[in-house]
Structures are given as structure tokens and as C-alpha cells.
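Trainee: I have a new model open and would like to go through it with you. Can we start with a single residue and work outwards?

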Amino acid sequence: MTRYRRQTAVPPHPRSGRRVLRGPRRSGLAAALVVLLAVVVLGGLWVVHRDRPPGSSTSIGALPTTPGSYLGVYVDGVPASYAGVTSFAAATEVRPNVVSYYSGWLEQFRRGFAEAAGRHGAVPLVQIDPTNISMTAIASGHYDSYLTAYARAVRGYHRPVIIGFGHEMNAYWYTWGHRHATPAEFVAAWRHIVKVFRAAGARNVTWMWTVNAIDMPGGIPSPKPWWPGRAYVTWVGIDGYYLSPSAEFASVFGPTVAAVRELTGAPILVAETGASPSVGQPGKITSLFAGTRTYGLLGFIWFDVVASGDYRLRAPDAIAAYRRGATTYREARPPDQPTPRR
């Protein structure tokens with residue numbers, strides 16, 4: 001988000017008895033047993049897959065992409081501690097299935113935090129921030145030893161990880177963004193990072209290209225010039241906030257969703273969002289849930305911190321609105337897709 005420095009810091013064989021079956025009767029019974037066994041085994045696999053959280057998918061690199069699959073959170077204190085996430089889950093009675101943190105350049109993958117997320121049924125989302133780092137140096141391989149070590153650590157986690165790099169690059173407040181580095185330099189760095197991870201065998205990464213919501217009067221343009229290409233992006237993230245009482249989902253996110261859809265059909269996640277009590281937090285939460293469904297997005301991550309506003313869910317009416325919205329999500333989910341846990 002603008003003007004806020006984030007902390008950087010997964011049948012026994014039946015007894016046959018002594019009776020001997022002969023001829024067609026034996027083969028028919030055997031066939032029936034085979035069919036029954038197949039039904040039991042396949043049925044068991046279906047149940048395991050259905051109940052398995054996103055972070056422990058049978059395909060470690062794949063995450064569900066059905067709209068409405070995710071409710072996530074970012075809280076103070078991560079990734080040093082998971083306590084803030086559990087407190088948020090206790091207060092809202094909704095367990096997030098995505099938890100995000102922001103990683104400074106040269107900071108290694110926080111395996112402990114990822115494992116804590118996995119134990120709670122969540123996927124870790126890491127936004128790697130290259131503050132004051134040259135995009136050209138990254139693209140030229142200057143930091144490949146760091147990136148390779150990071151990639152191997154992620155690979156060793158053996159569960160899905162969502163990774164972004166240089167989020168909100170179409171905005172002007174970060175050193176890697178608009179007016180600081182050229183779009184071509186950013187694209188080259190992004191592609192190089194993805195290639196390094198793939199070369200290191202980190203196939204469990206969902207690459208999320210995260211842009212800031214378009215605000216042309218505020219100088220935040222379409223993200224099109226920064227697009228790395230579909231071969232290098234799995235999901236798209238959009239960061240946007242309800243900053244006024246009149247803000248609606250369509251006005252905050254609609255233009256950016258349209259711009260992204262001109263580039264790609266990749267799934268979209270609202271990667272950061274929030275509303276303060278001063279703009280009518282309960283109503284904005286209701287708008288957020290409704291808009292995410294209307295636009296067919298993956299879900300959203302609530303920015304539960306004090307930044308340029310106090311976006312924390314603390315008031316009973318705001319918490320109730322969030323809980324109602326999560327309940328609607330849960331009831332609307334197809335039976336074979338994960339739901340935000342209660």
C-alpha cells in the first residue's frame with residue numbers, strides 16, 4: 001500500500017475361509033470385490049482431496065482458481081510470529097487460507113512462517129520488495145546466488161507458495177516503480193527471477209504480478225507497460241483501498257480489472273485492501289464481498305493494520321459484516337473446492 005513500510009524483516013485382504021469357489025461364481029465374486037475395492041479407494045481419495053487445504057494440494061504447484069476461493073489477511077508481526085493471524089481468526093471466526101508478508105531484498109524465505117501457515121490450512125504469500133536495488137542488476141544475474149538460494153528454500157517447502165516481486169510497480173512510491181525504473185527494466189528483472197526459480201526446480205510457486213489500482217488523476221497509470229507476459233505470470237494481484245465514503249468496488253477496482261483483462265485471462269486476486277471506520281467500514285466490507293463475486297475474482301486479502309488509515313477489524317459491526325460475507329462465500333462454494341475455514 002502507499003505510504004506504508006511493511007515489516008520485512010501441507011482393504012486389507014479379506015479372509016477367504018476354507019471354502020473354494022469354482023467357475024463363473026468365483027470370477028463374478030472376484031470382479032465384484034475388485035469393483036468394490038476401487039470404489040472405496042477412489043472414494044477415499046476424493047474425500048482426502050476435498051478436505052485438504054489449498055496449501056497441501058496433491059499437485060504442489062497448483063492452487064484452486066475458482067472465483068471466491070480465498071480470504072486472506074496481512075497483520076502486524078509477520079513473518080516473525082503467526083500470533084496476529086490466529087488472533088484475527090479468533091476475532092472474526094474465519095480462518096484465512098492465504099497469509100501474506102513482505103520480504104526485503106536479500107532476506108531469505110521464512111520457512112517457519114510458511115510451515116505455521118500450512119498447519120493452519122493457509123498458503124503463504126510473499127511479496128519480495130527490491131528496495132533501492134537496480135532492476136538491471138537483477139536482470140543481468142548479479143543477484144543470482146541469492147535468488148537461487150531462495151528458490152531452493154521454497155522448493156524444499158514442498159507445498160504451494162505464492163510469490164510476487166516489486167508489487168505496485170505502476171505506482172510512483174517505490175524505488176522499483178513508475179518514475180524510478182523503466183517498465184522494460186522491471187519486466188526484464190521479473191522474467192529473470194522466474195527463470196532462476198524454474199531452473200532451481202521451484203515448481204511449487206504461483207507467480208502473482210501485483211499492480212496498484214489505476215488512479216489517473218492521482219498519477220497511477222494502467223499497468224500494461226509492466227506486463228511480463230503470460231508465460232511468466234500465474235495470477236494477477238490488484239491492490240486498492242476504500243478511501244472515501246463514496247467509494248464502491250466498481251470505482252476502486254473496476255478500471256484496473258478491465259485493464260488487466262485486456263492483457264490476460266489469468267485469475268485475479270485482490271492482494272491488498274481495506275477500509276477505515278471513517279469511510280463506513282461495514283458497508284465497504286459488504287461491497288468488497290459482493291464486488292469480488294460480481295467480477296469473478298479469486299478473493300481478497302484484508303490489510304489488517306494501521307497504515308494511512310486504521311484498517312483493522314475491531315468494531316463489532318465491521319466484524320459482523322466480515323463474518324456474514326465469509327458465510328456467504330462458504331455457502332456458495334462448489335463441493336469440491338476449498339472454503340475459508342471457520
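Trainee: Is Arg-179 buried or exposed?

Mentor: This is a predicted model, so keep that in mind throughout. Arg-179 counts as exposed because its relative accessible area is 59%, and the cut-off for exposed is over 50%.

Trainee: Where is Arg-179 in the chain?

Mentor: Arg-179 is in the loop between strand S4 (161–165) and H6. Its phi is near 80°, a positive value in a residue other than glycine.

Trainee: Which loop holds Glu-93?

Mentor: Glu-93 belongs to the loop between H2 and S2. Phi of Glu-93 is near 65°, again a positive value in a residue other than glycine. Glu-93 counts as partly exposed because its relative accessibility is 41%, and that class runs between 20% and 50%.

Trainee: What about glycines, say the one just after H3?

Mentor: That is Gly-121, with a positive phi of about 75°. H8 is followed by Gly-296, where phi is positive and near 70°.

Trainee: What kind of peptide bond joins Val-78 and Pro-79?

Mentor: A cis one, with omega at about 5°. Pro-79 lies in the loop between strand S1 (70–75) and helix H2 (83–92). For background, most peptide bonds are trans.

Trainee: Let's zoom out. How many helices and strands does the protein have?

Mentor: Nine helices and eight strands.

Trainee: Pick one pair. How many bridges join S2 to S3?

Mentor: Seven, between S2 (residues 98–104) and S3 (residues 123–129), and the two run parallel. Tyr-101 stands opposite Val-126 in S3, and Ser-103 is opposite Ile-128.

Trainee: How many residues of S3 are buried?

Mentor: Seven of the seven, so S3 is largely enclosed by the rest of the structure. Val-123, Leu-125, Gln-127 and Asp-129 point one way, while Pro-124, Val-126 and Ile-128 point the other way.

Trainee: And which residues of H3 are buried?

Mentor: In H3 (residues 111–119), the buried ones are Phe-113, Ala-114, Ala-116, Ala-117 and Gly-118. The cover over them includes S2, S3 and helix H5 (144–157).

Trainee: Now the core. How many residues are in the largest nonpolar one?

Mentor: It has 88 residues, and those with the most contacts inside it are Trp-105, Ile-138, Tyr-150, Phe-197 and Trp-209. Helix H6 (residues 183–199) gives the largest share, seven residues. There is also a second, separate core of twelve residues, which includes Tyr-70, Trp-235, Ala-271 and Leu-298.

Trainee: What does Trp-105 touch?

Mentor: Leaving out residues up to four places away in sequence, Trp-105 touches a set that includes Ile-128, Asp-129 and Pro-130. Also among its contacts are Ile-138, Tyr-143, Tyr-146, Phe-165 and Ile-193.

Trainee: Which residues of H8 are buried?

Mentor: Gln-281, Lys-284, Ile-285, Ser-287, Leu-288, Phe-289, Gly-291 and Thr-292.

Trainee: Why does Thr-292 count as buried?

Mentor: Because its relative accessible area is 0%, and buried means under 20%. Setting aside neighbours within four places in sequence, Thr-292 is in contact with Phe-249, Leu-297, Gly-299, Phe-300 and Tyr-329.

Trainee: Last one. What share of the whole protein counts as buried?

Mentor: Of its 342 residues, 52%. The accessible surface comes to about 15,000 Å², and 57% of that belongs to carbon and sulfur atoms.

Notes
Residues numbered from 1 in each chain as written. Predicted model: local features only at pLDDT ≥ 70, side-chain atom pairs only at ≥ 80, totals over all residues. Heavy atoms only, no water. Pairing = 2+ DSSP bridges. Helix = DSSP H or I, 4+ residues; strand = E, 2+ residues; numbered from the N terminus. Buried < 20%, exposed > 50% of the residue type's maximum accessible area, 1.4 Å probe, protein only. Core = buried A, V, L, I, M, F, W, Y, C linked by side-chain atoms within 4.5 Å. Contact = heavy atoms within 4.5 Å. Areas by Shrake-Rupley, 256 points an atom, 1.4 Å probe, with all protein chains shown as cover.
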